[in-house]
Protein chains: 2
Amino acid sequence: MAVHKKEEFTQKEQDLAAFAKALAHPARIAILKVLAQRNECICGEIVEILPLAQSTVSQHLKELKSAGLINGSVDGPRSCYCINWKAFEKFNQEFSWLFTNLKIKNEKSCC
Amino acid sequence: MAVHKKEEFTQKEQDLAAFAKALAHPARIAILKVLAQRNECICGEIVEILPLAQSTVSQHLKELKSAGLINGSVDGPRSCYCINWKAFEKFNQEFSWLFTNLKIKNEKSCC
DNA sequence: ATCTTATATCGCAAATATACGATTAATCAA
DNA sequence: TTGATTAATCGTATATTTGCGATATAAGAT
């Protein structure tokens, strides 16, 4: 867009939107599932499981990481990614707060 | 992108991602808040409250509607939008399910 | 019938996201 | 040191999103 107006909203709205954005692609949800199912952080397997090229998966991982949803560390020639449960919990609560907050105000729809 | 690969993921992953996408902009979160705070569906006020042009707000409303998060009906020369609590609750539960599901498998991160 | 008001839609421009192949970088093994 | 392996980054193409002004539409008011 010509101008980006996102910063004109509240910080909380921006944070929630950023979190939602990180989850706004099925590949990233799938990645989170894979990470959760493994006890070890095997990264290369994600590429094999997902129907995407290695570079694309790497990009999605980068986005999840910059959103704070996963941690990553270098382990020799391979990388290790894990879910950042703390951040995840925080956003889970913020979402619940949003849902509850919205619902408390007006239980029924008028149209 | 050259090819869209979204449909190669599970339906549940796609649905969740679509829902997250609808929330992935602070303007849309702000709109939901406004809709929830009013007992009546006053649509024009949203334009006054948000720092966006009328046409842009209309577009965001359209996206929320097509995501199923809000209902809309024509009421004379003005439109009436309300939150679709049923759909909202469904997605809230799906999200909770995702969070819980992820966390159950592996409580602690390894990196 | 015309004017006003409220909202949707169209057309456009710019920004961002998605995807891939090619390349780079970094480590391990021989 | 060389070669193999793994993952990040770069460059590029295309699609989608965001945003606005202008226009269209639709109903109520005069």
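A: Phe19(A) has its place in helix α1 of chain A, where helices (H or I, at least four residues) and strands (E, at least two) are DSSP runs numbered from the N terminus. The model is a predicted one, in which local features need pLDDT of at least 70 and side-chain atom pairs count only at pLDDT 80 or more, while totals for chains, interfaces and linings use all residues, and side-chain values rest on heavy atoms, with hydrogens and water left out. Residues are numbered from 1 along each chain as its sequence is written, and chains are lettered from A and ligands numbered from 1 in the order in which they are written.

With a relative accessible area of 2%, Phe19(A) is buried, a word that here means under 20% relative accessible area, against over 50% for exposed and partly exposed in between, with a 1.4 Å probe and protein chains only. Once its neighbours within four places in sequence are left aside, Phe19(A) is in contact with Leu69(A), Phe91(A), Phe95(A) and Phe99(B), contact being heavy atoms within 4.5 Å. Along the chain, Phe19(A) and Asn92(A) are 73 residues apart, yet their C-alpha atoms are separated by 9.8 Å.

The helix around Phe19(A) comes next. The 12 residues of α1(A) should span 16 Å at 1.5 Å a residue, and its end C-alpha atoms are 17 Å apart, which agrees; the expected span is 1.5 Å times one less than the number of residues. Besides Phe19(A), the buried residues of α1(A) are Glu13(A), Leu16(A), Ala17(A), Ala20(A) and Ala22(A). An α-helix has 3.6 residues a turn, so residues three or four places apart point the same way.

Ala22(A), also in helix α1 of chain A, counts as buried at 7% relative accessibility. Setting aside neighbours within four places in sequence, Ala22(A) is in contact with Arg28(A), Leu64(A), Ala67(A) and Leu69(A). Of these, Leu64(A) lies 42 residues from Ala22(A) along the chain, with their C-alpha atoms separated by 6.0 Å.

Not counting residues up to four places away in sequence, His25(A) touches His60(A) in its own chain, and Lys6(B) and Ala17(B) in chain B. His25(A) and His60(A) are 35 residues apart in sequence and 9.0 Å apart in space, C-alpha to C-alpha.

Because 11 of its 12 residues are buried, α2(A) is largely enclosed by the rest of the structure; among them are Pro26(A), Ile29(A), Ala30(A) and Lys33(A). These four residues are also the ones with which Glu13(B) is in contact, leaving aside its neighbours within four places in sequence. Glu13(B) itself belongs to helix α1 (residues 11-22) of chain B and is buried, with a relative accessible area of 8%.

Leu35(A), in helix α2 of chain A, is likewise buried, with a relative accessible area of 8%. Apart from residues up to four places away in sequence, Leu35(A) touches Ile46(A), Ile70(A), Tyr81(A), Cys82(A) and Ile83(A). Leu35(A) and Cys82(A) are 47 residues apart in sequence but 6.1 Å apart in space, C-alpha to C-alpha.

In chain B, helix α2 (residues 26-37) packs against helix α4 (residues 54-66) at an angle of about 80 degrees, with their axes 10 Å apart. That makes α2(B) roughly perpendicular to α4(B). Ala27(B), Arg28(B), Ile31(B) and Leu32(B) of α2(B) make this contact with Val57(B), His60(B), Leu61(B), Glu63(B) and Leu64(B) of α4(B). Axes here are lines fitted to C-alpha atoms, for helices over the stretch in contact, and angles run from 0 to 180 degrees between N-to-C directions; under 35 degrees counts as roughly parallel, over 145 as roughly antiparallel, 65 to 115 as roughly perpendicular and the rest as oblique.

Stepping back to the whole of chain A, its secondary structure comes to 5 helices and 2 strands, which run α-α-α-α-β-β-α from the N terminus on. Buried residues make up 43% of its 111 residues. Of the contacts in chain A with a separation of 6 or more, 46% are between residues 24 or more positions apart.
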